[in-house]
Structures are given as C-alpha cells and as structure tokens.
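Student: Could we go through the aromatic contacts in this structure, setting each value against the rule behind it?

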Amino acid sequence: PAPEPQKKSTAIELLDPLRPCRRCEGTGTFRLPNGPVECRNCTGTGEVPSARDRRRIRAADQNYYRLIRAMYARAEERDGSRCGDIDFHTHQGFGLLEQHEPHRLPALFQSLEVGRIDDVIDMLIAYRNAHAKTEN
C-alpha cells in the first residue's frame, strides 16, 4: 500500500484544546450577589485557551498590527498632495475586506510580510471601488 500524503496543519489545529474557565467553572455564567452575569473571562462559552496559546495569539495580533501600521504609513506617504484619498480608500477597503471576506486576510498579511505593500494598497483601493459600485 502507498503511504498516505500527510495533511498540512493549520495554525488553529496546532493550538492546545480549550480548557474549562476557572472563573465560571465552565458554565459561562458568573454568580454575583445581585444575580448571574455572563463571564468576562470566557465571554460566556465556558472555555478558555491555555496561557501558551494566549501568548501565541497575542504575538500574532501584534505582528498583524505592525503590518497594518506599516501599510497605512505607506499609504499616507503615497498620498502626497492628494488630500488623503489613498489613505482613506485603503482604510475603507481594509474594513470592507475584513467585514465581507475575512478568509482573505491571511493572504493579505502574507503579502505585507514579503514587502508587497504597494500592491496590497492598490488591491484594497480597487476592492473598495468595486464594492462602492455594487452598492450604488
């Protein structure tokens, strides 16, 4: 028999399993003297990631934030004397992409990591313009 090809793991699959929340004891509600409330620690799910996974998630979020800031700084730099059109349209395009097609964000961040900032800005502006045409 031929060996089966190994499936590549995604980052989410590599995370540890969620653990029961200690604050609400896995119920999702926390008892206060004036009544039960949704647990803030687990947002009502009763489960929380491990400390190691929280560090991984925080590091990934910081990396994404750094990439977004670099993209916006480049958009402002490209604006020059255009009264903020490129920067504004980049912000709008990113917001629309995040709202309507969040599955495309990892590819966007990967393009930013390899230095294709101008291409990403142009894509976001085109996405914003295409989306504006469909809404009118």
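**Aromatic pairs and their burial**

Tutor: The count comes to 2 aromatic pairs, where rings of Phe, Tyr and Trp (its six-membered ring) pair if their centres lie within 6.5 Å, and planes under 30 degrees apart count as stacked, over 60 as edge-to-face and the rest as tilted. This is a predicted model, in which local features need pLDDT of at least 70, side-chain atom pairs count only at pLDDT 80 or more, and totals for chains, interfaces and linings use all residues. Residues are numbered from 1 along each chain as its sequence is written, and side-chain values use heavy atoms, with hydrogens and water left out.

Student: Why is the pair of Tyr 64 and Phe 109 called stacked?

Tutor: The ring centres of Tyr 64 and Phe 109 are 4.0 Å apart and the planes lie at 15°, so the pair is stacked. The pair links distant parts of the chain, with Tyr 64 in helix α2 and Phe 109 in helix α4, 45 residues apart; helices (H or I, at least four residues) and strands (E, at least two) are DSSP runs, numbered from the N terminus.

Student: What makes Phe 109 count as buried?

Tutor: Buried means under 20% relative accessible area, exposed over 50%, and partly exposed in between (1.4 Å probe, protein chains only); Phe 109 has 7% relative accessibility and therefore counts as buried. Tyr 64, with a relative accessible area of 31%, is therefore partly exposed.

Student: What makes the pair of Phe 94 and Phe 109 edge-to-face?

Tutor: Phe 94 and Phe 109 are 6.4 Å apart centre to centre, with 65° between the planes, and the pair is edge-to-face. Tyr 64, Phe 94 and Phe 109 form one aromatic cluster.
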